[in-house]
Amino acid sequence: MSTCKFQIHPEPLDLFDLIPDSILLLILNNIADVKTLGRCSLLSKRFHSLVPQVQNVLVRVDCVISDDDSTSSSSSASDKSRGGGPFSSLLRLLVGGIVKPIQAIGQLLGPKRSTILAPSPSSALSVNNNNTSGDDEQHSDGVTHHSPTQVLKNFDEIKFLKIELPSGELGIEDDVLLKWRADFGSTLDKCVILGASSVIHPQIVASGNVMNDGGDDNGSIPESFYTNGGLKLRVVWTISSLIAASARHYLLQPIISEHKTLDSLVLTDVERQGVLCMNKEQLEELRVKPLSASSASKRTLVPALNMKLWYAPYLELPNGSVLKGATLVAIRPSEQAGQKDVSDGSWVSSAFEEPYGTAARMLVKRRTYCLEMNSF
């Protein structure tokens, strides 16, 4: 009589289950992107429990939706189709003619300066719905959207948060350079702005078709800077950048209030036109000391400022590029004037990526010009 032999095979072991949670969290923190993390949370109960513990989060904003009625919404969409940034309507600057440098400072930086700024409708940042929880809203484009505030409610322990806008706020010509970096607490702590009327790339410079026609004059600003609208343009750049920065800062209030574990917050844009940064101390300052909002629009009030300006008609960079009409502006609140030197090269030169960090270091070696601006 034959006997049947049965062999019991253990159920195959899922090797993935052997990976510790700490390693999986390390992987998820390197992923960072909030949409990808949303997909990961749907994979299993384990991932669903781990994703809220991620500390490093990146939110890429898809579009800007008006908080006003449908007419405002269509107007916002129209602005977007023209390539304008999220707050482009803030930057319609109606500046009168300038005859003399002293009059320019008086007109643009005086107490009535707010009259040159057009009011703007409120706007909301939005991220496409990706199976995340929270309140959602259906818009005319047929896509369900979440605001970054709603999306981030799914995370409990965020320490490092980066939000990326779809474009910069300042509509500028292709060959014009305008970049800014601003640090905020409850109000502006410091800001650096780098601009140039044109950027000439190395291959064009190598062709020999570029002439140094600006003159140097040992670092002095040439007379043509005042008479040909150069000063007017730089003041517009400065005010526009400060408005863009203060509008970004205003939008961050609910996120900062909700996430008390934050150590670092960066709000930038795909074009790297502007970067707003807040460290742990600045974030805590905003929680303790609420910001002052501008009555004219949804942005943080900019305090009275001390500014230092450096200018070069023609600046040749080590990589072969040339900046024409290169201008660097370093800004601090006036109340800090006795505590911190606005021309401190460490934060000015480190504000921008290369080759623009080098441009900033070259400019601060030139003659310094001082300006003041009232609160607005």
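Where is the place of Ile 31? Take that part first, then follow the contacts and salt bridges into the rest of the chain.

Tutor: A caution first: this is a predicted model. Ile 31 sits in helix α1, which covers residues 21-31. Its relative accessible area is 31%, so Ile 31 is partly exposed. Ile 31 also belongs to a surface patch. Together with Ile 23 and Ile 27, Ile 31 makes a nonpolar patch of about 230 Å². An α-helix has 3.6 residues a turn, so residues three or four places apart point the same way.

Now take Asn 30. Asn 30 is in helix α1 too. With a relative accessible area of 63%, Asn 30 is exposed. A polar atom of the Asn 30 side chain lies 2.8 Å from the backbone oxygen of Leu 26. The C-alpha atoms of Asn 30 and Val 57 are 8.9 Å apart, although 27 residues separate the two along the chain.

Next comes Asp 33, in the loop between α1 and α2 (34-40). The side chain of Asp 33 forms a salt bridge with that of Arg 60, at 3.1 Å from N to O. Arg 60 is in strand β1 (residues 56-60), and the pair links distant parts of the chain, 27 residues apart. The two partners differ in cover. Asp 33 has 11% relative accessibility; buried means under 20%, so Asp 33 counts as buried. Arg 60 is partly exposed, with a relative accessible area of 39%.

Other salt bridges deserve a look. The structure holds 12 of them. One joins the side chains of Asp 183 and Arg 181, at 3.1 Å from N to O. Asp 183 counts as buried, at 8% relative accessibility. Arg 181 counts as partly exposed, at 26%. Another joins the side chains of Lys 280 and Asp 263, with an N to O distance of 3.9 Å. Lys 280 lies in helix α11 (residues 280-288), whereas Asp 263 lies in the loop between α10 (253-258) and β10 (264-269). The pair therefore ties together parts that are 17 residues apart in sequence. Asp 263 is partly exposed, with a relative accessible area of 22%.

Salt bridges that share partners join Asp 33, Arg 60 and Glu 164 into one network.

Move on to two loops. Glu 169 is in the loop between β6 (160-165) and β7 (177-184). At 1% relative accessibility, Glu 169 counts as buried. The side chain of Glu 169 makes a polar contact with the side chain of Arg 248, at 2.5 Å. Gln 273 lies in another stretch, the loop between β10 and β11 (274-279). Gln 273 is buried, with a relative accessible area of 5%. Set aside its neighbours within four places in sequence, and the contacts of Gln 273 include Glu 169. Among the others are Gly 168, Leu 170, Ile 172, Leu 178, Lys 179 and Trp 180.

Helix α13 (residues 356-363) comes next. Of its 8 residues, 6 are buried, so helix α13 is largely enclosed by the rest of the structure. The buried residues of α13 are Tyr 356, Gly 357, Thr 358, Ala 359, Ala 360 and Leu 363.

Cys 191 is buried, with a relative accessible area of 0%. Cys 370 counts as exposed, at 59% relative accessibility. The structure holds 0 disulfides.

Finally, step back to the whole protein. The protein has 13 helices and 14 strands. Of its 376 residues, 49% count as buried. Contacts across the sequence complete the picture. Among contacts between residues at least 6 apart in sequence, 71% join residues at least 24 apart.

Definitions and conventions
Residues are numbered from 1 along each chain as its sequence is written. This is a predicted model: local features need pLDDT of at least 70, side-chain atom pairs count only at pLDDT 80 or more; totals for chains, interfaces and linings use all residues. Side-chain values use heavy atoms; hydrogens and water are left out. Patches are made of residues with over 30% relative accessible area and no salt bridge: like charges are joined within 9 Å, nonpolar side chains (Val, Leu, Ile, Met, Phe, Trp, Tyr) within 5 Å. Accessible areas come from the Shrake-Rupley method with a 1.4 Å probe; for residues, only the protein chains shown count as cover. A salt bridge is a side-chain nitrogen of Lys or Arg within 4 Å of a carboxyl oxygen of Asp or Glu. Helices (H or I, at least four residues) and strands (E, at least two) are DSSP runs, numbered from the N terminus. Buried means under 20% relative accessible area, exposed over 50%, partly exposed in between (1.4 Å probe, protein chains only). A polar contact is a pair of N or O atoms within 3.5 Å; within protein, one must be able to donate a hydrogen and the other to accept it, and residues adjacent in sequence count only if both atoms are side-chain atoms. Contact means heavy atoms within 4.5 Å. A disulfide is a pair of cysteine sulfur atoms within 2.5 Å.
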